Amino acid sequence: MKKRNKKNPSTNYHHMYSLCNQHMNQYVLAELVDGQNIDGIVTGVDGDYVYIAVPLSDSDTLEDGSPQQLSAPNQRQYGYGPPYAGGYGTGAPYGYGYTPPPRFRRLILPLAALVAISALPWY
């Protein structure tokens, strides 16, 4: 009876870990076990997971170009809430506390879910 040469899962796991380390801070295309392809920037890797910054697509933004709200509409990320919501008041100068809209979202993938990862060119 012939033995089948099965690839050791831990070997693939360590191979993906080393590939992710080689592609740190690069724009990559990651292929997953379920057939999905995800493009983004590898921002980190640890023993179990790879962290990817995925660009927001047009479907992630509203009609006016602003990003969709990720939290409840009554919550504020910065500044004063009611009763100080109106007017300028005293405090920081104009423009202080402005944060630009997010362009990326963080995606955490298990290394075991990766089949392939390859660098993409920036255009």
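V50 touches C20, V42, G44, V45, L107, I108, L109, L111 and L114, where residues up to four places away in sequence are not counted and a contact means heavy atoms within 4.5 Å. The structure is a predicted model, in which local features need pLDDT of at least 70 and side-chain atom pairs count only at pLDDT 80 or more, while totals for chains, interfaces and linings use all residues. Residues are numbered from 1 along each chain as its sequence is written, and side-chain values use heavy atoms, with hydrogens and water left out.

**Overall make-up**

- The chain has 1 helix and 5 strands, which follow one another from the N terminus as α-β-β-β-β-β; these elements are DSSP runs numbered from the N terminus, with helices (H or I) of at least four residues and strands (E) of at least two.
- Of the 123 residues of the chain, 20% count as buried, a class that means under 20% relative accessible area, with exposed over 50% and partly exposed in between, for a 1.4 Å probe and with protein chains only.
- The accessible surface of the chain comes to about 10000 Å², and carbon and sulfur atoms hold 54% of this surface; such areas come from the Shrake-Rupley method with a 1.4 Å probe, and for residues only the protein chains shown count as cover.
- Among the contacts in the chain with a separation of 6 or more, 63% are between residues 24 or more positions apart.

**The sheet**

- An open sheet is formed by 5 strands in the order β4-β3-β2-β1-β5, with antiparallel pairing; two strands pair if DSSP finds at least two bridges between them.
- The edge strands are β4 (104-110) and β5 (114-119), each of which pairs on one side only.
- Neighbouring strands of this sheet are turned by 45° against each other on average, direction ignored, where the axes are lines fitted to C-alpha atoms.
- Strands of a sheet pair through backbone hydrogen bonds, either parallel or antiparallel.
- β1 and β2 pair in the antiparallel sense over 5 bridges, with L29 standing opposite D39 in β2; the two strands form a hairpin with 4 residues between them, and G35 in the turn has a positive phi of about 95°.
- β2 is joined to β3 by 4 bridges, again antiparallel, and G44 has Y51 in β3 as its bridge partner; this hairpin has 3 residues between its strands.
- β3 (residues 49-55) is joined to β4 by 7 bridges in an antiparallel arrangement, and P55 stands opposite F104 in β4.

**The nonpolar core**

- The largest nonpolar core has 17 residues, and C20, V50, L109, L114 and I117 touch the most other members; a nonpolar core is a set of buried Ala, Val, Leu, Ile, Met, Phe, Trp, Tyr and Cys residues joined through side-chain atoms within 4.5 Å.
- The elements that give two or more residues to this core are α1 (9-22), β1 (27-32), β2 (37-45), β3, β4 and β5.

- N21 has its place in helix α1 and counts as partly exposed because its relative accessibility is 35%; the C-alpha atoms of N21 and T43, which are 22 residues apart along the chain, are separated by 9.7 Å.
- H23 lies in the loop between α1 and β1 and counts as buried because its relative accessibility is 13%.
- The side chains of H23 and Q26 are joined by a polar contact of 2.9 Å, the term standing for a pair of N or O atoms within 3.5 Å, of which, within protein, one must be able to donate a hydrogen and the other to accept it, and residues adjacent in sequence count only if both atoms are side-chain atoms.
- Leaving aside neighbours within four places in sequence, H23 is in contact with V28, V42, I117, S118 and A119.
- N25 is also found in the loop between α1 and β1, but N25 is exposed, with a relative accessible area of 56%.
- Although N25 is not a glycine, this residue has a positive phi of about 65°. Most residues other than glycine have a negative phi.

- R106 is placed in strand β4 and is exposed, since its relative accessible area is 60%.
- Apart from neighbours within four places in sequence, R106 is in contact with Y51 and I52.
- R106 and L56 are 50 residues apart in sequence and 10.0 Å apart in space, C-alpha to C-alpha.

Definitions and conventions
Axes are lines fitted to C-alpha atoms, for helices over the stretch in contact, and angles run from 0 to 180 degrees between N-to-C directions.
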